[in-house]
Amino acid sequence: MKHPWKTQLPPLFLLYLLGAVRTQVNPGVCRYPLGMSGGQIQDEDISASSQWSESTAARYGRLEFEEGDGAWCPEITVEPDSLKEFLQIDLRSLHFITLVGTQGRHAGGMGNEFAQMYKIKYSRDGSRWISWRNRQGKQVIEGNRNAYDIVLKDLEPPIIARFVRFMPVIDHSMNVCMRVELYGCEWLDGLVSYNAPAGQQMMLNDLPVYLNDSVYDGAVGYSMTEGLGQLTDGQSGLDDFTLSHVYNVWPGYDYVGWTNESFPNGFVEIMFEFDRTRNFTTMKVI
């Protein structure tokens, strides 16, 4: 269900600013294991591109588990620049995911396969897949250096997804195996996307301030469509919009904004799409 929202631009201000909405999730505490190691995620919700054998099938890719031959292993040796192999998890509903954990195949000392690097793809509907990138645009995540230690990595920005794929990345031909866990909490807001004009740039005391939605995961051109980003990352902007919670980013990073001159009709239209019809009694914009 899509709901449009229009806001009148204040005529005395050069810019209308919209900081990140404070949602029902707090990234600092939304870090609960989602069920790979605890068993809440069922075997039928874990799948893979291929498997080396029945004993290294996708269902054995659970963090800290040693069943089968000790991990998920793809059928063939992973080659550099190949992203054909993946381990996929279906969470059955949208979740706010802030952290991931990986482990290799130890198998009581019989195994020594692990993924030194990996990428993550995610989807909210199972058809459109999005490549996760950190706040600097990097996709590759550093993984394991041995087969038994657990390596935890924060996802900054976090992702909102139902389906998640772990895709091993290597710099030379090698065998890899993975055990994984996702950490976060259920996404109960019901928001699945928002559409808006692309954020713009302004000059403040000869300093450029970039007010684009830099982590938006939909299509971005003149407008932003079919995605989520900084308005739903659980982070509220500081009162001074030129400052940021995030280290080493540009002025305006925490905000999305537009100049008055770009909208002669006097308003910015933002379209919010929800998973179902909802009854709204109040609205707060910060």
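Colleague: Is Glu 226 buried or exposed?

Modeller: Exposed. This is a predicted model, and in it Glu 226 has a relative accessible area of 53%. The cut-off for exposed is over 50%, so Glu 226 counts as exposed.

Colleague: Where is Glu 226 in the chain?

Modeller: Glu 226 sits in strand β15, which covers residues 223-227.

Colleague: What about phi of Glu 226?

Modeller: Phi is positive there, at about 60°. Glu 226 is not a glycine, though.

Colleague: And Arg 92, what is its phi near?

Modeller: Phi of Arg 92 is near 70°. That is again a positive value in a residue other than glycine. Arg 92 belongs to strand β5, residues 87-103. Its relative accessible area is 53%, so Arg 92 is exposed.

Colleague: New topic. How many aromatic pairs does the structure hold?

Modeller: Eight. One of the pairs is Tyr 118 with Phe 166.

Colleague: Why is the pair of Tyr 118 and Phe 166 called tilted?

Modeller: The planes are at 45°, so the pair is tilted. Stacked needs under 30 degrees, and edge-to-face needs over 60. The ring centres are 5.8 Å apart.

Colleague: Which strands hold Tyr 118 and Phe 166?

Modeller: Tyr 118 is in strand β6, residues 117-123. Phe 166 is in strand β9, residues 151-169.

Colleague: What kind of pair do Trp 250 and Tyr 253 form?

Modeller: Edge-to-face. Their planes make 70°, and the distance is 5.0 Å centre to centre.

Colleague: How accessible is Trp 250? And Tyr 253?

Modeller: Trp 250 is partly exposed, at 29%. Tyr 253 is at 0% relative accessibility, so it counts as buried.

Colleague: Which residues do ring pairs link into a cluster?

Modeller: Tyr 194, Tyr 216 and Phe 272.

Colleague: On to charges. Which ring does the charged end of Arg 165 sit over?

Modeller: The ring of Phe 86, at 4.0 Å from its centre. Arg 165 also lies over the face of Trp 129. There, the distance to the ring centre is 3.9 Å.

Colleague: Last one. Is the peptide bond from Glu 156 to Pro 157 cis or trans?

Modeller: Cis, with omega near 15°.

Definitions and conventions. Residues numbered from 1 in each chain as written. Predicted model: local features only at pLDDT ≥ 70, side-chain atom pairs only at ≥ 80, totals over all residues. Heavy atoms only, no water. Phe/Tyr/Trp six-rings, centres within 6.5 Å; stacked < 30°, edge-to-face > 60°. Helix = DSSP H or I, 4+ residues; strand = E, 2+ residues; numbered from the N terminus. Buried < 20%, exposed > 50% of the residue type's maximum accessible area, 1.4 Å probe, protein only. Lys NZ or Arg CZ within 6 Å of the ring centre and 35° of its normal.
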